Amino acid sequence: MELSGGVGGARLARGLDRLDSVDLTIVVNVGDDDDIHGLHVAPDIDTVVYTLAGIEGPHGWGRSGDTFETNDEIGALGSDNTFKLGDRDLAMNILRTEALHNGTSLSTFTSSVTKHLGVGAFVVPATDDRQRTIIETDTGEMLAFQEYFVMRQTRDTVAAVRFEGSPAPAPGVLDAITQADVVFIAPSNPPLSIWPILAVAGVRDAVGRHNNVVAVSPLFGGKALKGPADRVMASLGLPPGNAGVLAAYDGLLNRLIVDVSDAADIPDLDGPVSVVALETRISEARAAVSFCEKVLAL
Ligand code: GDP
Ligand code: CA
């Protein structure tokens, strides 16, 4: 099983999903969920589902081959359309909003659409409750996650991350962790994508008790491939590089996989967690599969 944010999580999931030996459950962050033009958006779930279905958008969000006529029209009518919803992507968001409005849970809706898209893996939101990631900036402002991430393009310095609500795990989440042979923590943004999952009741304990928890570092030479992971970890006071990833997951890991470009740091990471260097660039599906085979053979 895997704990996942958006892009980094989806890439690992695609590798694991293609291995015949793996019966995959992906528990996905919902701290990024928001209401946009009255629609319930769940960007990390959609990135994972679209990627597993092979219909993901080119920039790590949304749908492939999408158009933005509705979004342009929203702008022409005088509304903020910085958070782009493509015409095809709207279908998913309209149906999800309708389902939630009718009392269907997010997890039930998600498993129904994944089946319709031909995805075999079990994709489950960390919680069916409302959980919102709030960003506190160094000037004391409180920002909704998408305001920080999309509208303000991660320009603010993050002083603290808070998770609103006291969410219960969605059905199947704790069992998936407890019964898994391996718990993967995806190469997602540790504070912004994985901490909200760990904040769901019972999840941190279940992961901490598991004896085969493997995290994949999102860092290459101390930097994220894309997005603010390294900046956020630094401003939250975590040590630089993979020492920061170890600190972000303190008490949870049995193994950390770092990129070969960071192999020289391994002696400095000495401690209870076994640190192994592999080629961790998994943007291509084939690279992801061979990466997952190597990790499972360790
Ligand atoms: P988001 O929710 O879509 O912002 O994405 P995530 O939190 O799941 O992942 C963002 C992180 O994925 C970034 O810090 C990237 O460095 C990392 N990432 C993206 N592609 C790869 C990859 O191919 N390999 C590894 N190891 N990390 C990646
Ligand atoms: Ca995300």
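Contact here means heavy atoms within 4.5 Å.

First, the conventions. This is a predicted model, where local features need pLDDT of at least 70, side-chain atom pairs count only at pLDDT 80 or more, and totals for chains, interfaces and linings use all residues. Residues are numbered from 1 along each chain as its sequence is written, chains are lettered from A and ligands numbered from 1 in the order in which they are written, and side-chain values use heavy atoms, with hydrogens and water left out.

Now S4. S4 sits in strand β1, residues 2-4; strands are DSSP runs of E, at least two residues, and helices are runs of H or I, at least four, all numbered from the N terminus. S4 has a relative accessible area of 0% and is buried, where buried means under 20%, exposed over 50% and partly exposed in between, with a 1.4 Å probe and protein chains only. Leaving out residues up to four places away in sequence, S4 touches G9, A10, I26, V27, V28, N29, V48, A186, S188, I194 and I197.

I194 and I197 are also among the buried residues of α8. Eight of the nine residues of that helix, 190-198, are buried, so the rest of the structure largely encloses it.

Next, ligand 1. Which residues come nearest to it? Of the 23 around it, they are R11, S188, S193, P218 and L225, a residue being near if one of its heavy atoms lies within 4 Å. Helix α1, residues 7-17, gives the largest share of this shell, with four residues.

On the backbone side, an oxygen atom of ligand 1 is 2.7 Å from a polar backbone atom of L225. A nitrogen atom of the ligand lies 3.0 Å from a backbone N or O atom of S217, and for G8 the corresponding pair is with a ligand oxygen, at 3.2 Å. The cut-off for a polar contact is a pair of N or O atoms within 3.5 Å; within protein, one must be able to donate a hydrogen and the other to accept it, and residues adjacent in sequence count only if both atoms are side-chain atoms.

Last, the calcium ion, ligand 2. Its protein donors are OD atoms of D32 and D44, lying 2.1 to 2.6 Å away; donors are N, O and S atoms within 2.8 Å of the metal, or 3.2 Å for Na, K and Ca, and water is not among the atoms, so sites may look incomplete. D32 lies in the loop between β2 (25-28) and β3 (34-36) and D44 in helix α2 (residues 43-53), so the pair ties together parts twelve residues apart in sequence.
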